[in-house]
Amino acid sequence: MLETPLFDPSVNETTRAAVPDPLRPVLEAATHLGDPATVLVVALGFAWVCSSRERGARVLAVALVAFAVTNGLKGVFVLERPVEQLAFAADDYGGYAFPSGHALGAAAVYGAVAIAAEWAGSRRRYAVAGILIVLVALSRVVLGVHYVGDVVAGTAIGIGIAVGVLWLPTIDPGRLFALAGALAAISYATPARAFMPATVGAALGAVGAWYALEGRPTRFEGSRAAFGLAALATVAVRLLSTTQGIHWSLEFGGYAIAVAVAAASALGSPRTRE
């Protein structure tokens, strides 16, 4: 464990003690707003409905880069989680602590949506995104699976990714997709492999769709049906892997393919305008 107050278990206990008991169930629910599956759905959904293909693609790229960076850093630091366990998790709750993937993913994706969206006013978007990010980050500490330093670092990195991809748009989204997929694949050589199949699958689907549709005024008209079917397939594979213990190769392959189709169809969704 790192020798700093941000990784001191007593700071965790102080933080948890400051949260009233009636609010803890709220945080238990809020933590799922940072689940990798949740933030990926948010990014895919935004890419699907956004009036600009490029802005939608950049938000999806933010999500995939965030996943790849999370896996890479976890695999490098391999910092064990605090002794405390989630109230609703099994005793063998796995994975590594640094950085918090939930905090990083939430900060990256909700921050990116706030920057890229045109709904409501920018202050409202940033306020809503900020509330969601704080709730997710706080929940990970209060529920006992991360040190304060894990969520602080994750939040900072996530916001940095969102700002870098959306405010400094110098890199083509297709290259960002390819970079995220490559980093995720490389991370398989490390002990941290969380969400790697979905990242690689989504990156492959997104790269193919981005370059196949580049410069074309006509969109993939069947994308809405494809997106829905891919979403259902993704949910089905995840449920089977959890409840039926299907072989990892089916989970890996089925999940990656389903997410690839979802990413491709999201980018191919008909736009009302560019």
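Predicted model: local features only at pLDDT ≥ 70, side-chain atom pairs only at ≥ 80, totals over all residues.

1. Packing of α3 against α4. Helix α3 covers residues 36-49 and helix α4 covers residues 53-77; their axes approach within 7 Å and cross at roughly 160°. Because angles over 145 degrees count as roughly antiparallel, α3 is described as roughly antiparallel to α4. The crossing in which α3 passes α4 is left-handed.

2. Residues between α3 and α4. On the α3 side, the contact is formed by Pro36, Val39, Leu40, Ala43, Leu44, Phe46 and Ala47, which meet Arg55, Gly56, Val59, Leu60, Ala63, Leu64 and Phe67 of α4. Sorted by class, this contact of α3 with α4 comprises 12 nonpolar residues, one polar and one charged.

3. Packing of α4 against α8. The axis of helix α8 (residues 173-186) comes within 9 Å of that of α4, and the two cross at roughly 15°. Since angles under 35 degrees count as roughly parallel, α4 and α8 are assigned as roughly parallel to each other. This crossing of α4 and α8 is also given as left-handed.

4. Residues between α4 and α8. From α4, the residues Glu54, Ala57, Arg58, Leu60, Ala61, Leu64, Val65 and Ala68 meet Pro173, Leu176, Phe177, Ala180, Leu183 and Ala184 of α8. By class, the contact of α4 with α8 holds 12 nonpolar and two charged residues, with no polar residue. Leu60 and Leu64 are named in this contact and in that of α4 with α3.

5. Arg58. Is this residue of α4, Arg58, buried or exposed? Arg58 lies in helix α4 and has a relative accessibility of 5%, so it counts as buried, the limit being under 20%. A polar atom of the Arg58 side chain is 2.9 Å from the backbone oxygen of Ile171. Beyond residues up to four places away in sequence, Arg58 touches Val165, Leu166, Pro169, Ile171, Asp172, Pro173 and Leu176. Of these, Pro173 and Leu176 belong to the α8 side of the contact with α4.

6. Ser100. This residue, Ser100, sits in the loop between α4 and α5 (101-116). Ser100 has a relative accessible area of 0% and is therefore buried. A polar atom of its side chain lies 3.1 Å from the backbone nitrogen of Ala103. With neighbours within four places in sequence set aside, Ser100 is in contact with Arg140, His146, Asp150, Val151 and Gly154.

Methods:
Residues numbered from 1 in each chain as written. Heavy atoms only, no water. Axes fitted to C-alpha atoms, helices over the stretch in contact; angles between N-to-C directions. Helix = DSSP H or I, 4+ residues; strand = E, 2+ residues; numbered from the N terminus. Parallel < 35°, antiparallel > 145°, perpendicular 65-115°, else oblique. Left-handed = near helix turned anticlockwise from the far one by under 90°. Contact = heavy atoms within 4.5 Å. Nonpolar A, V, L, I, M, F, W, Y, C, P; charged D, E, K, R; others polar. Buried < 20%, exposed > 50% of the residue type's maximum accessible area, 1.4 Å probe, protein only. Polar contact = N/O pair within 3.5 Å; in protein donor to acceptor, adjacent residues only side chain to side chain.
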